[in-house]
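Subject: Structure handover

Hello,

Here is the structure I promised to pass on. Please open it first, then read my notes below.

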Amino acid sequence: MTDITAGAAQSAKEPAVYVTPAWKLTWLRFTKHKLGVICLGVVAVITLTALAPEFFSTADPNVTSARRAYIPPQVIRIFHEGRLVLPFVYEVEGARNARTLKMEWAKDTSTRVPVRLFARGYSYKLFGFIPSDIHLVGFGSASAPATGHVLGTDRLGRDQWSRLMYGTRISLSIGLVAVAISTLLGIVLGGISGYFGGLVDNVIQRIIELLQAIPAIPVWLALSAALPRTWSVSTVYFAITVILALLGWTRLAREVRGRFLSLREEDFVTAARLVGASQSRIIFAHMVPSFASHIIAAVTLAVPVMILNETFLSFLGLGMRPPAISWGVMLQEAQNLQSVVNAPWLLIPGLFVIITVLALNILGDGLRDAADPYSH
Amino acid sequence: MHWFILKRLLLLPFLLLIFSIVSFALIQAPPGDFLTSYVAELAAGGTSIDQTQIEALRNRYGLDQPMYVQYGKWVGNLLRGDLGVSLEWRRANSELIGERLLLTLILTTFSLIFTWAVAIPIGIFSATRQYSFLDYVFTILNYIGLATPNFLLALVLMWVAFDNFGVTVTGLFSPQFLDAPWSWARVGDLLSHIWLPMIVLGVAGTAQIARVVRANLLDELSKPYTEMARAKGLPEWKLVLKYPTRVAIAPVVSTLGWYLPQLLSGGLVVSVVMSLPTIGPLLLRALIGQDMYLAGTIILIFCLLAVVGTLLSDILLAVLDPRIKLENS
């Protein structure tokens, strides 16, 4: 050990030797993966939305207005009668079809509703404590605010764009929290399994095999169906994350165990053991840093799976329930062919799911490749 | 080899025991016993159920007895081949499950074949033409396939079909064959309907398996034996198909272990959206309606299918890849 520290001290004194830490090497490799970097940006934007959906929304997502149901998306335009003008949307006018009794919306190309940035709208508390009423985008002039629906409205006349912004918070955070719980379980149990081996390892591995053999969705359905209908939104939210995490930790535990098994025999671990480092020090100071990047990659790849699962559950009416807003809850509105034919824009939340999952998957793959020193 | 299969078969009853406990725990999870809530519901709806019938049901499931007796009765009935009755449907569970299970298995098999038939050629192509334009196209399609929830794909395809051709592509049968007995005409009708759910179900798996094949084949293509075969002048396509592909495909068989449960699970949501008469919607309805013994039985069947799938894939893998010595592991 003294030799090693002496060597390290020596190299620290020589300015010519630049030691790049492992995480920096990983980062440098990652930035070569252009698509991965783009996806990192996408994930950052989505995260920002989840943090402050109030700012990005244009209307209160819970305000219903039966008269304004099923308005098709209003496109933001910059050309009016062939001239370049400030951004605006055309006003819509609804008329009930006398024969089918269906509301039909037509755009009124003579009335323009201006679109403004940083407009004042309904008041909210940013991050739960900063009172504000500024929104990224607003409709109408400052003196006469109007309404506009860039992604249309749903059955109850609620603004889809704003609901999507709020839905991002629940959908993304369920994914993150569920993965956080399963990561904790996976690292602790996988670590114990891989580090100690023997009987403990055997028992944990059998449990993992058993859990992996259980088809997840039916069990999730049964567990969520068992949640009392009277529970509040936040309790259901917590229960759903726990249900998702319960079956989700096994893959991660396997990964961690595999890493531990291969690292346990490495020379640097043996060296640490020989100089009398404590077990926790060996694990946390020597072993964990050398596979942390793998874990980060595995976690990134686990989040989209959780997001998809939450969408499945909520879509079937067994996950989050209204008045909570998540992407799956929103997609419930588009559950049958009839509603999709009537209002195809109800499928737009699905597009958000795809983009988010896509970005997280590509990001995770990029991170995994970057973390693997043998990938090239 | 035989030892290995025997060992796995011996493990099967043990696994089933555990799964039955899990299923039973799941059906016991909702508050209240199902009979009281059922009777209350009926009373609210204006109909009532015969008191002797209630007593018979209570007795059958041992509802007034401790939990382990209830479990024992349930499993005992199952072992005798009595799957119980559905309270909501007022029919025997075996009757309800029977044909739906068959259709589920048919649909799953079709999706499995579709997946392999599409994924393996794509994987081989992408690996042999790495970084070509089409390889990039397939890679992007793979990512999108993985990211798209299958029920969304089903909805979009149904919408496109309706919007452009005015046809509703739901269900597995035309109306006249819905409750008809099995005949060749009915089989034909099934085949003319099954392709869309088959594709919808298979897309995500296709993406995953194409990736596995591509990665495996890329590993094999850089090995010395491939160089050797090339050096002796074997035509490229023959070389690829004859040696590395065989090695690269073997692990695909092992994906059956996780892919089968995934197909079954995924089929559940698609079936609800496309109103397919498979077992998924039945489970969902049983869960929502708290028809718990029906739900428990279905969950147990799902578990059984998953375990059998894993076993089959292990055996197939051992047959295909002689290097795997399963007896020792």
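Which residue is the bridge partner of Phe79(A) in E2(A)? The partner is Leu84(A).

First, the ground rules. This is a predicted model, so to speak of local features pLDDT must be at least 70, and side-chain atom pairs count only at pLDDT 80 or more, while totals for chains, interfaces and linings use all residues. Residues are numbered from 1 along each chain as its sequence is written, and chains are lettered from A and ligands numbered from 1 in the order in which they are written.

**The sheet in chain A**

Strands (E, at least two residues) and helices (H or I, at least four) are DSSP runs, numbered from the N terminus. Two strands pair if DSSP finds at least two bridges between them.

Four strands of chain A form an open sheet in the order E1-E2-E3-E4, with antiparallel pairing. E1 and strand E4 (130-139) are the edge strands, and each pairs on one side only. From one strand to the next the twist averages 60°; such angles run from 0 to 180 degrees between the N-to-C directions of axes, which are lines fitted to C-alpha atoms (for helices, over the stretch in contact).

Now the pairs, one by one:

- Strand E1 (residues 77-80) and strand E2 (residues 83-96) of chain A pair over three bridges. Their hairpin has two residues between the strands, and Glu81(A) takes a positive phi near 50° there.
- E2(A) and strand E3 (residues 103-126) are joined by nine bridges. Val89(A) stands opposite Val113(A) in E3(A). This hairpin has six residues between its strands, and Leu101(A) in the turn has a positive phi of about 60°.
- E3(A) and E4(A) are joined by eight bridges. Arg116(A) has Gly138(A) in E4(A) as its bridge partner.

**Chain B**

Chain B has 13 helices and two strands. Its C-alpha atoms fill a box of roughly 85 × 60 × 40 Å along the principal axes. Of its 329 residues, 35% count as buried. Buried means 20 or more other C-beta atoms within 10 Å of the residue's own; exposed means 12 or fewer, partly exposed lies in between, and C-beta atoms are placed from the backbone.

**Where the chains meet**

Contact means that the C-beta atoms of two residues, placed from the backbone, lie within 7 Å. Chain A brings 32 residues to the contact and chain B brings 39. On the side of chain A, the largest share comes from H7(A), with eight residues. That side divides into 29 nonpolar residues, three polar and no charged. Here Ala, Val, Leu, Ile, Met, Phe, Trp, Tyr, Cys and Pro count as nonpolar, Asp, Glu, Lys and Arg as charged, and the others, Gly among them, as polar.

Why is H7(A) largely enclosed by the rest of the structure? Ten of its ten residues are buried, so the rest of the structure largely encloses H7(A). Among them are Trp220(A) and Ala222(A).

**The cores**

A nonpolar core is a set of buried Ala, Val, Leu, Ile, Met, Phe, Trp, Tyr and Cys residues joined through C-beta atoms within 7 Å. The largest has 151 residues; those with the most contacts inside it include Ala222(A) and Ala295(B). H11(A) gives the most to this core, with 14 residues. Apart from it lies another core, of five residues, including Phe88(A) and Val89(A). Ala295(B) touches Ala222(A), among others, not counting residues up to four places away in sequence.

Best wishes
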